[in-house]
Amino acid sequence: MKKIAFASDHAGFDLKNKVKEYVQSLGYETVDFGTDSDASCDYPDYAHPAAEAVEKGECDFGIAMCGSGNGIQMTLNKHQGIRAALCWLPELAALAKQHNNANILVLPARFITEEEGLRIVKAYLEAEYEGGRHQRRIDKIPVKNS
């Protein structure tokens with residue numbers, strides 16, 4: 001059973017709970033790194049632990065969200081082993097997995113409906129990484145310290 005890391009701020013709290021319910025109904029295990037309410041909070045407090053869990057292999061991949069998706073995505077992508085993709089359409093989510101092997105899907109909670117969010121997650125879950133020519137590009141993403 002695959003394990004999904006979840007993270008959100010207050011703006012993504014409601015959508016996060018709906019998405020968690022959905023993926024659990026599909027048989028995925030979830031680990032929620034927070035937040036636990038819609039009270040104002042700071043997304044890095046939840047993004048960093050979720051990213052670390054994915055990097056360490058404690059979770060297979062992640063799903064994260066904040067109001068625009070930008071802040072939490074920027075935070076997640078500070079981690080060298082993370083490829084977080086901000087997706088607002090199912091097609092973008094599928095391509096993020098197929099071509100970029102995105103290991104964290106990011107949703108813009110204030111700019112999509114719950115139904116759109118679930119369609120985006122479904123597309124991401126159903127997509128498969130294509131490898132091949134895409135791997136060469138992915139190998140160039142991490143910053144190499146000289």
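Which residue stands opposite Phe61 in β3? Ile4 does.

1. **Basis.** This is a predicted model: local features need pLDDT of at least 70, side-chain atom pairs count only at pLDDT 80 or more, and totals for chains, interfaces and linings use all residues. Residues are numbered from 1 along each chain as its sequence is written, and side-chain values use heavy atoms, with hydrogens and water left out.

2. **Confidence.** pLDDT is the predictor's confidence in each residue, from 0 to 100. The chain has a mean pLDDT of 97. In it, 99% of residues reach 70 or more. Confidence is highest in β5, at 99. It is lowest in helix α6 (residues 133–139), at a mean of 95.

3. **Strand β3 and its partners.** Helices (H or I, at least four residues) and strands (E, at least two) are DSSP runs, numbered from the N terminus. Two strands pair if DSSP finds at least two bridges between them. Strand β1 (residues 3–8) runs parallel to β3, and 5 bridges join the two. β3 also pairs with β5, again in the parallel sense, over 5 bridges. There, Ile63 stands opposite Leu105 in β5.

4. **Both faces of β3 are covered.** Buried means under 20% relative accessible area, exposed over 50%, and partly exposed in between (1.4 Å probe, protein chains only). In β3, 6 of its 6 residues are buried. Phe61, Ile63 and Met65 point one way. Gly62, Ala64 and Cys66 point the other way.

5. **Ile104 in β5.** Ile104 belongs to strand β5. Ile104 counts as buried because its relative accessibility is 2%. Contact means heavy atoms within 4.5 Å. Leaving aside neighbours within four places in sequence, Ile104 is in contact with residues including Gly62, Ile63, Ala64, Ile82, Ala84 and Tyr124. Ile104 and Ile4 are 100 residues apart in sequence, yet 9.1 Å apart in space, C-alpha to C-alpha.

6. **Helix α5.** This helix (residues 114–126) has 13 residues. From first C-alpha to last it reaches 18 Å, close to the 18 Å expected at 1.5 Å a residue. That expected span is 1.5 Å times one less than the number of residues. Its buried residues are Gly117, Ile120, Val121, Ala123, Tyr124 and Leu125. They pack against α1 (13–25), β3 (61–66), α4 (90–100) and β5 (104–108).

7. **The nonpolar cores.** A nonpolar core is a set of buried Ala, Val, Leu, Ile, Met, Phe, Trp, Tyr and Cys residues joined through side-chain atoms within 4.5 Å. The largest has 24 residues. Those with the most contacts inside it are Val19, Val23, Ile63, Leu105, Leu107, Val121 and Leu125. The elements giving two or more residues to this core are β1, α1, β3, α4, β5 and α5. The largest share, 5 residues, comes from α5. Apart from this core lies another, of 19 residues, among them Ala5, Cys41, Ala51 and Ala84.

8. **Leu125.** Not counting residues up to four places away in sequence, Leu125 touches Tyr22, Val23, Leu26, Tyr28, Phe61 and Lys97.

9. **Cysteines.** A disulfide is a pair of cysteine sulfur atoms within 2.5 Å. The count comes to 0. For Cys66, the nearest cysteine sulfur is that of Cys41, 9.9 Å away. Cys66 is buried, with a relative accessible area of 3%. For Cys87, the nearest cysteine sulfur is that of Cys66, 13 Å away. Cys87 counts as buried because its relative accessibility is 2%.

10. **The loop between β2 and α2.** Two features of this loop deserve a look. A cis peptide bond joins Gly34 and Thr35, with omega about 10 degrees. Thr35 lies in the loop between β2 and α2. Asp36 lies in the loop between β2 (29–32) and α2 (44–55). Why does Asp36 count as exposed? Its relative accessible area is 64%. The C-alpha atoms of Asp36 and Asp9 are separated by 8.7 Å, with the two residues 27 apart along the chain.

11. **Asn101.** This residue sits in the loop between α4 and β5. Asn101 is not a glycine, although it has a positive phi of about 50 degrees. Asn101 is partly exposed, with a relative accessible area of 24%.
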